[in-house]
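Here is a short report on the salt bridges of one protein. Please look at the charged side chains as you read.

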Amino acid sequence: MTIPDKQLAAVFHNHGNPDNVKFEEVPVAEPGENEVLVNIKYTGVCHTDLHALQGDWPLDVKLPLIGGHEGAGVVVKAGPGVNRLKIGDRVGVKWMNSSCGNCEYCMKSQETICPNIQLSGYTVDGSFQHYCIANATHATLIPESVPLEVAAPVMCAGITCYRALKESGVQPGEWICIPGAGGGLGHLAVQYAKAMAMRVVAIDSGEDKKELVKSFNADVFVDFKTDDVVEMVKEKTGGGAHGTLVLSTSPKSYEQAAAFARPGSTMVTVAMPAGAKLGADIFWLTVKMLKVCGSHVGNRLDSVEALDYVARGLVKPFYKVQPFSTLPEVYHLMHEGKIAGRIVLDLSK
Ligand code: NAD
Ligand code: ZN
């Protein structure tokens with residue numbers, strides 16, 4: 001196949017609203033040492049992409065930036081020293097773009113806390129372009145049985161929820177509570193949790209999200225706009241959830257999670273609403289012996305395992321495919337909390 005010199009990419013030069021995203025012709029990058037060039041076919045749009053556009057996290061974004069970190073495509077070129085991947089391989093381009101491999105954390109497979117981490121669609125250009133650079137050690141091979149458009153949302157949302165559920169320590173038969181359950185991460189978290197035999201309280205709002213999580217057999221749905229969240233979670237779980245995965249984009253969910261936590265349980269922080277602080281009462285945190293645990297995407301093995309759940313039919317991403325050109329509209333809908341599941345962009349349109 002011929003690789004063009006130039007291509008279309010969704011770029012923003014300054015932080016701001018979705019209108020800052022422009023479709024521009026940019027050069028196709030050359031893969032360097034241990035890098036591959038991936039022809040992106042589909043990419044999911046994650047709420048993190050919106051945080052990057054808005055510039056609302058205390059971590060600098062590369063500018064100008066091509067966002068996107070749920071890419072799924074085909075390797076079309078390999079740089080020097082690549083031996084793990086070959087041309088034609090189907091791979092995922094993840095948030096975790098690369099790590100140093102040699103620090104204390106990388107040596108323990110905790111590569112997502114490597115101080116030299118590079119993040120796709122944040123510190124390096126990501127999947128909102130036809131040809132994207134991926135690190136050959138970190139790109140995830142996608143099983144033949146999983147279509148690329150299905151794999152795309154797994155590359156961030158799936159991997160993150162899967163790892164966060166492990167961090168929660170919740171056992172089969174115990175209650176996991178998921179604020180944000182109808183969103184991109186949440187709808188996958190519900191399915192991974194059910195596949196791990198957990199009982200699920202799904203918190204979100206509206207009939208479409210209720211229907212979606214119920215279709216994945218969530219045991220209880222709590223509507224954060226109309227129900228008393230804390231009381232209802234406590235009542236339905238007989239005293240609080242054994243673990244909570246906060247996937248909601250509202251800081252209020254953190255306050256609520258601390259209030260409905262079962263004694264001895266773990267709250268896993270995954271969502272990062274701008275400026276959110278943990279407002280938990282230290283008295284109750286202490287006497288209830290609560291654990292708070294951050295969880296940042298997943299390592300290479302988590303990625304393989306998360307895809308394997310999909311390959312085995314245990315988890316089915318729910319997504320709508322839209323043309324690449326609709327990215328700004330997707331950001332508007334996401335900001336309003338109107339997306340049930342994920343939106344996946346088709347780069348060919
Ligand atoms: P999303 O917009 O698809 O979903 C967010 C959901 O939260 C929506 O369904 C919305 O209705 C719901 N919500 C809003 N307010 C709520 C409330 N008060 N109670 C319950 N639900 C509420 O977003 P997403 O792509 O799933 O991402 C969620 C968050 O996770 C973002 O902050 C994102 O940056 C973060 N994230 C973190 C990691 C990580 O590694 N820690 C990885 C990916 C995404
Ligand atoms: Zn993401």
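## Arg 300 and Glu 111

Arg 300 is partly exposed, at 38% relative accessibility. Glu 111 is buried, at 3%. (Buried means under 20% relative accessible area, exposed over 50%, and partly exposed in between, with a 1.4 Å probe and protein chains only.) The two side chains form a salt bridge, 3.4 Å from N to O. Arg 300 sits in helix H9 (residues 300–311) and Glu 111 in the loop between helix H2 (104–107) and E8, so the bridge ties together parts 189 residues apart in sequence. Helices (H or I, at least four residues) and strands (E, at least two) are DSSP runs, numbered from the N terminus.

## Basis of the model

This is a predicted model: local features need pLDDT of at least 70, side-chain atom pairs count only at pLDDT 80 or more, and totals for chains, interfaces and linings use all residues. Side-chain values use heavy atoms, without hydrogens and water, and residues are numbered from 1 along each chain as its sequence is written.

## Other salt bridges

The whole structure holds 15 salt bridges. Each is a side-chain nitrogen of Lys or Arg within 4 Å of a carboxyl oxygen of Asp or Glu.

Lys 62 pairs with Asp 125, with the closest N and O atoms 2.9 Å apart. The partners are 63 residues apart: Lys 62 in the loop between helix H1 (47–54) and strand E4 (65–66), Asp 125 in the loop between strand E8 (118–119) and strand E9 (131–135). Lys 62 is partly exposed at 29%, and Asp 125 is partly exposed at 25%.

Asp 89 and Lys 86 also form a salt bridge, at 2.9 Å from N to O. Asp 89 is buried at 11%, whereas Lys 86 is exposed at 54%.

Definitions and conventions. Chains are lettered from A and ligands numbered from 1 in the order in which they are written.
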